[in-house]
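Let's take a walk through this model together. Have the sequence and the 3D view open side by side as you read.

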Amino acid sequence: MNEQHLALLRQFISSLKSNPSLLHTADLSFFKEYLLSLGAKLPEVQEPSVEPEKPSAEEPKQPTAEESENASSESEVSSEESDVGIIFL
């Protein structure tokens, strides 16, 4: 057998080991049928878990106008508190 074909087969098997659900795709139905004909035991189909989308770190959330106002008023309070702290020291 050609070495290049063997390398591709090893890569394919490695992909299946890391993601066995690939066997349940329509593209690989012929391979799945072949494995079953040999008596292979295939893993169950895993339903993808549905999780709420989380904002990615790449796209920071833009603060709303209200949040911006709150942040600036909080910084004003902080600076007033720190001024008070300096006076009492």
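Before we look for aromatic pairs, a word on what counts: rings of Phe, Tyr and Trp (its six-membered ring) pair if their centres lie within 6.5 Å, and a pair is called edge-to-face when the planes are over 60 degrees apart.

First, the overall picture. What you have is a predicted model, so a look at the confidence, the predictor's own score from 0 to 100, comes before anything else. The mean pLDDT of the protein chain is 76, with 52% of the residues reaching 70 or more. Where pLDDT is low, the predicted coordinates should not be read in detail.

As for the fold, the chain has three helices and zero strands, and from the N terminus the order is simply α-α-α. The chain exposes about 8300 Å², and carbon and sulfur atoms supply 56% of that.

So where do the buried nonpolar residues gather? The largest nonpolar core has six residues: L16, L23, L28, F31, L35 and L42. In soluble globular proteins, nonpolar side chains tend to be buried together.

Setting aside neighbours within four places in sequence, L16 is in contact with L22, L23, L28 and F31. Now hop over to L28, which, leaving out residues up to four places away in sequence, touches F12, L16, L22 and L23.

Back to those aromatic rings. Searching the whole structure turns up one aromatic pair. The partners are F12 and F31, in an edge-to-face arrangement, with 5.4 Å from centre to centre and 70 degrees between the planes. This pair links distant parts of the chain, since F12 belongs to helix α1 and F31 to helix α2 (residues 29–37), 19 residues apart.

Methods:
Residues are numbered from 1 along each chain as its sequence is written. This is a predicted model: local features need pLDDT of at least 70, side-chain atom pairs count only at pLDDT 80 or more; totals for chains, interfaces and linings use all residues. Side-chain values use heavy atoms; hydrogens and water are left out. Helices (H or I, at least four residues) and strands (E, at least two) are DSSP runs, numbered from the N terminus. Accessible areas come from the Shrake-Rupley method with a 1.4 Å probe; for residues, only the protein chains shown count as cover. A nonpolar core is a set of buried Ala, Val, Leu, Ile, Met, Phe, Trp, Tyr and Cys residues joined through side-chain atoms within 4.5 Å. Buried means under 20% relative accessible area, exposed over 50%, partly exposed in between (1.4 Å probe, protein chains only). Contact means heavy atoms within 4.5 Å. Rings of Phe, Tyr and Trp (its six-membered ring) pair if their centres lie within 6.5 Å; planes under 30 degrees apart count as stacked, over 60 as edge-to-face and the rest as tilted.
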